[in-house]
There are 2 protein chains.
Amino acid sequence: MIDQPGDLPHVTIRDVAQAAGVSIGTVSKALNGGAIGAETRERIRGVAEALNYRPNAMAQGLHRTRTMTIGLITSDSFGRFTNPIVEALEARLSALGIGVFMCIATDDPEREKAHIRQLLGKRVDGIVVTGRRADKRPPIGPLPRGIPVIYVFAQADDPGAFSLVPDDEGGARAAVAHLAAQGRREIAHVTGPMSFEAVRLRLRGYGQALEAAGLKQRDDFTLPGDWSEAWGREAIARLFAPGRVAPDAIFCGNDQIARGVSDGLRERGLSVPRDVSIVGFDNWDVMVQASRPPLSSVDMNLKAMGHEAGSRLLSAIQGDAQSGVIRMPCTLIVRESSQTQVS
Amino acid sequence: MIDQPGDLPHVTIRDVAQAAGVSIGTVSKALNGGAIGAETRERIRGVAEALNYRPNAMAQGLHRTRTMTIGLITSDSFGRFTNPIVEALEARLSALGIGVFMCIATDDPEREKAHIRQLLGKRVDGIVVTGRRADKRPPIGPLPRGIPVIYVFAQADDPGAFSLVPDDEGGARAAVAHLAAQGRREIAHVTGPMSFEAVRLRLRGYGQALEAAGLKQRDDFTLPGDWSEAWGREAIARLFAPGRVAPDAIFCGNDQIARGVSDGLRERGLSVPRDVSIVGFDNWDVMVQASRPPLSSVDMNLKAMGHEAGSRLLSAIQGDAQSGVIRMPCTLIVRESSQTQVS
DNA sequence: TTGAAAGCGCTAACAA
DNA sequence: TTGTTAGCGCTTTCAA
């Protein structure tokens, strides 16, 4: 029974008060910046430090209006897209001493409910919901009280909700405008399943950019499929089938497809970017670097989204709730796969 | 000032007691399973449910010895390896109503310290430390009290610490034994930087399996490099340089290298697995599936590690602390890249 | 400037 | 079986 965790009691404010020979209230003031003599304050702080005193956040939370904790619910698990978001969000909040409860719902509404119950019990100040794809999802809840919720890389099917998602349309426009600016005239679009809102938005941006560049959009130049490299290779086989107009540039719905496209072209003896320029989407380091040549790609600035989400949640907690969908700008990262003239 | 979050007060146990016309103590018993009449209990539960009562976890934590929260510190950010671990850990613990505080230290000792201060303030029942690679790291701390800490996919430079890491050596042995069992005699090993303990352990397992199979280990068949596909391709150029004994199988230190190796072989006109068998390491879905043919690979069973970490932490919290390094078994997943006879 | 004391929401020991 | 009450560790009046 010796040396068991829990045997050694925590240092309380009472311990500090006793050691410093002052009252509890005085210690509280010394530590939290109340009216107190400078010398006493220093002395008390010294004692607290020496005793390694850590105020009990739960006891504090019982008094204050805020508990300095928030909940982070991810509908799926963490993945390629959520990681950077979560990382930036955590950095933003933990710098302010706000703890982040991690809740993974694995696409199970029951688990999500259980998590929310837990979070409400913990009296979190706010909740961030994030998803594996930015499409609409049922809103969490019902939340009985005025706890702010914000959706990041996810949208709730509720007009009162607030969400932060990438501007897929703008990202696609930038990519295709770039290809057109390089002198490409026959720009195809190989992308993922139409069931994704992102696919539909990127397709729209593609069309807009073509129009802006005065290029015509060919029906058989848009190829929806799945998100895989295999589909990218397959799409090349289709695009370069005999008797068809061959593209001189391909804007891909994600980097995996782009990599498949790149491999497919190389295996047909076509050169990237000389014969065909490629731009991907996601700017996924593993893919863009492993592609030959390195892949131009649209970056969704997920870290910025996570940071912004943190800021928005903070202001919502402070009372100015917001609603609607904010689309955050994407950035085109140009690499060799779409650079016609090498500098 | 209307409709601001926080305006609506939480339902307290007092509210429930009043609504049910009983005392606070009775409500507590009804909800927590004290001695009470079955009928009263049902009635009180009904009221609590109707009022959407959620016990304040902080007020509870003030009484109980345990707060039902733990801290999860990741030295880096979350990534490919930590994600499954964290996911399983969270699932294990949240099922028991234990909240997980997420702390990302981004390799910054100062941030790590700040996180630990915060966690101690929150009175977490335990801490899990995880890393981007399983190598030794400085122990966290100092932790003033008996809070159990366990390292997962990380090791502390402290004999008293407890860590859970994959059995790299065993995984490598399984991979190479499999290749030998397929009749391969000239098995090369293309791997990552020797600075990684995992690289050294996998190399050792490779050697052991060769010896067990009665194969000789050639000096020039072990190629350390970096973890990239580019290195995998480069290694093929070296292994198949004129005038050298060519391998008929290659065990790779990770899946990215394996994929590079696979591409390199194909581009030389060699067939996988007919001419050369390949086994990778990590069983990273993106890589193993995108390789042509699909890649055999060693799975580190990271979810099992996360689950086990949860269980170990729970028992440590209950008092039976452990120390030492536990290496958890890896599993070889065989796919086409190493299957000589197709069934 | 400091101390004393009430109370945050809950549990648990004790009384009735 | 139910009610009463003393805290858990802290903040925050209010008095001294």
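**Domains, contacts and the DNA-facing surface**

Chain A is divided into domain 1 (13-55), domain 2 (66-166 + 301-329) and domain 3 (168-300 + 332-338), with bounds that come from an automatic or database domain assignment. The model is predicted: local features need pLDDT of at least 70 and side-chain atom pairs count only at pLDDT 80 or more, while totals for chains, interfaces and linings use all residues. Residues are numbered from 1 along each chain as its sequence is written, and chains are lettered from A and ligands numbered from 1 in the order in which they are written.

**Domain contact within chain A**

- The C-alpha centres of domain 2 of chain A and domain 3 of chain A lie 32 Å apart.
- Eight residues from domain 2 of chain A and nine residues from domain 3 of chain A make up the contact (two residues are in contact if their C-beta atoms, placed from the backbone, lie within 7 Å).
- The side of domain 2 of chain A that touches domain 3 of chain A has four nonpolar, one polar and three charged residues; Ala, Val, Leu, Ile, Met, Phe, Trp, Tyr, Cys and Pro count as nonpolar, Asp, Glu, Lys and Arg as charged, and the others, Gly among them, as polar.

**Contact between chains A and B**

- In this contact, 52 residues of chain A meet 52 residues of chain B.
- On the chain A side, at least two residues each come from helix 4 (57-63), helix 5 (82-94), strand 2 (99-104), helix 6 (109-121) and helix 12 (302-317); helices (H or I, at least four residues) and strands (E, at least two) are DSSP runs, numbered from the N terminus.
- That side of chain A has 24 nonpolar, 19 polar and nine charged residues.

**Surface near DNA strand D**

- Of the 27 residues around DNA strand D, Ile13(A), Gly25(A), Gly25(B), Thr26(B) and Gly37(B) come nearest (near means that the C-beta atom, placed from the backbone, lies within 6 Å).
- Helix 2 of chain A gives the most to this surface, with five residues.
- By class, the surface has 10 nonpolar, 14 polar and three charged residues.

**Sheet of chain A**

- Six strands of chain A form an open sheet with mixed pairing, in the order 9-8-10-11-12-14 (strands pair if DSSP finds at least two bridges between them).
- Strand 9 (222-224) and strand 14 (331-333) of chain A are at the edges with a single partner strand each, so one side of each is left without a neighbour in the sheet.
- Strand 8 (residues 187-191) of chain A pairs with strand 9 of chain A in the parallel sense over three bridges, and Leu223(A) in strand 9 is the bridge partner of Val190(A).
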